[in-house]
Structures are given as structure tokens and as C-alpha cells.
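Dear colleague,

Please find below the structure that I am handing over to you. My notes on it follow, and I would be grateful if you read them with the structure open.

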Amino acid sequence: MAGKKSERARIEAWAETLAEPIAKACGVYIYDVEYVKENTDYYLNIYIDKEDGVTIDDCENVSRAMSDALDKEDRISDPYTLVVSSPGLGRTLTKDRHITNSIGEKVEISLFKPLPEVGDKQLEGILADFDGENVTIEWTPAPAAKPKKGKKGKKAGEASEVLTEPASLVIPRKDIAVIRLYLDL
């Protein structure tokens, strides 16, 4: 398993290095690169972006140039599909640079386990800071629903005291399953 993961990371790093000058020549930048397996198929996903948003023409230009470069290099042994697209409005912040560049934006965070002071593992707030190890958000609690009490009061695992007022929450990055830009639909 570790061999496949390191192989995936190697391919992603190599493909990103190959794609950066192509993207720059096309007037965009590389947001992220993923090499993933879905069912039996492999995909090399290249996410591009630019200040005023990506167009279909941008994706097509990068895709054509990248396809030619990948064919010339021929360093991926598995058959795969190249996909070039925008990271989207509700983009996932997977790299340090994504988080740093999103300070001041509203984010959604899914944690591996509930944050004790909030009692929830789904949070929304303004991304205030990132120091490489901790993410700080300005959090405002959702309007409180009437608490449901079982026969014995609190549910097992509930925090004894949870915040009910806005607060700065410092969350270790290792505790974050997913952080993405908030998409207000």
C-alpha cells in the first residue's frame, strides 16, 4: 500500500513540475494535481486557476499542451485519463499554500472527531490564520436547536460545556479531515 501511495505522490510531483511552465504559458497557474484511481481507471487531474477565473478555452489549451508533454515523456506506466479543470468555487484546500491564500475567506471544516469546545465535527467560519500546524477560524455558532434529552439527560460523548458565543477556534491541522471554501448555494 505504501508503495502505491509513494508512487502516486511521485507522479503528482513530476506532473506538477511538467505542468507549471505549460500553465504559465497559457496564462494560468497550477492549483493542484491529483493522480487517482477510481474503480479500475486512473485519472491525472490537473486543476488550474487564474485571478479572473478559468474558461473552457484555458482548460483546453493546457490539456492539449500537457497531453503532448505527457506523451513525449511517457513516464506513467498505467493507462490513465488526463483531466484539466478549474478547482471549482467550493475548492478543497489540500496544500499549505491553498490555506494561506484563503485567509479571510469563509471555510467549511470537517474534523475526524468532534471539537470538544464546540461539540461538533462540522464547522464553518472565517479562516483567520494558519501557521503550518494549526488553522484558526473565527467561528459563530449556528442558531441553537432545542437540545434533545434522552432518558438519562446528555448523550454519551457530548461535551459538558460547549461554546455558545462567537470565538476564535484553533484547530490542529492533523485533526482536519477536509477543509474547503464555503459555497453559499
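A residue is called buried if its relative accessible area is under 20%, and exposed if that area is over 50%. Please bear in mind that this is a predicted model.

I begin with helix α2. On one side of α2, Ile56, Asp57, Arg64, Asp68, Asp71 and Lys72 are exposed. The buried residues of the helix are Asp58, Cys59, Val62, Met66, Ala69 and Leu70.

After α2 comes Asp74, which has a positive phi near 45 degrees.

I turn next to the sheet. In which order do the five strands of the open sheet stand? The order is β7-β6-β5-β4-β8, with antiparallel pairing. Strands β7 (167-172) and β8 (176-181) form the edges, as each of them pairs on one side only. On average, neighbouring strands of this sheet are turned by 40 degrees against each other, direction ignored.

In general, the strands of a sheet pair through backbone hydrogen bonds, in either a parallel or an antiparallel manner. Here, six bridges join β6 (residues 134-139) to β7 in the antiparallel sense. Asn134 stands opposite Pro172, a residue of β7.

With kind regards

Definitions and conventions:
Residues are numbered from 1 along each chain as its sequence is written. This is a predicted model: local features need pLDDT of at least 70, side-chain atom pairs count only at pLDDT 80 or more; totals for chains, interfaces and linings use all residues. Side-chain values use heavy atoms; hydrogens and water are left out. Buried means under 20% relative accessible area, exposed over 50%, partly exposed in between (1.4 Å probe, protein chains only). Helices (H or I, at least four residues) and strands (E, at least two) are DSSP runs, numbered from the N terminus. Two strands pair if DSSP finds at least two bridges between them. Axes are lines fitted to C-alpha atoms, for helices over the stretch in contact, and angles run from 0 to 180 degrees between N-to-C directions.
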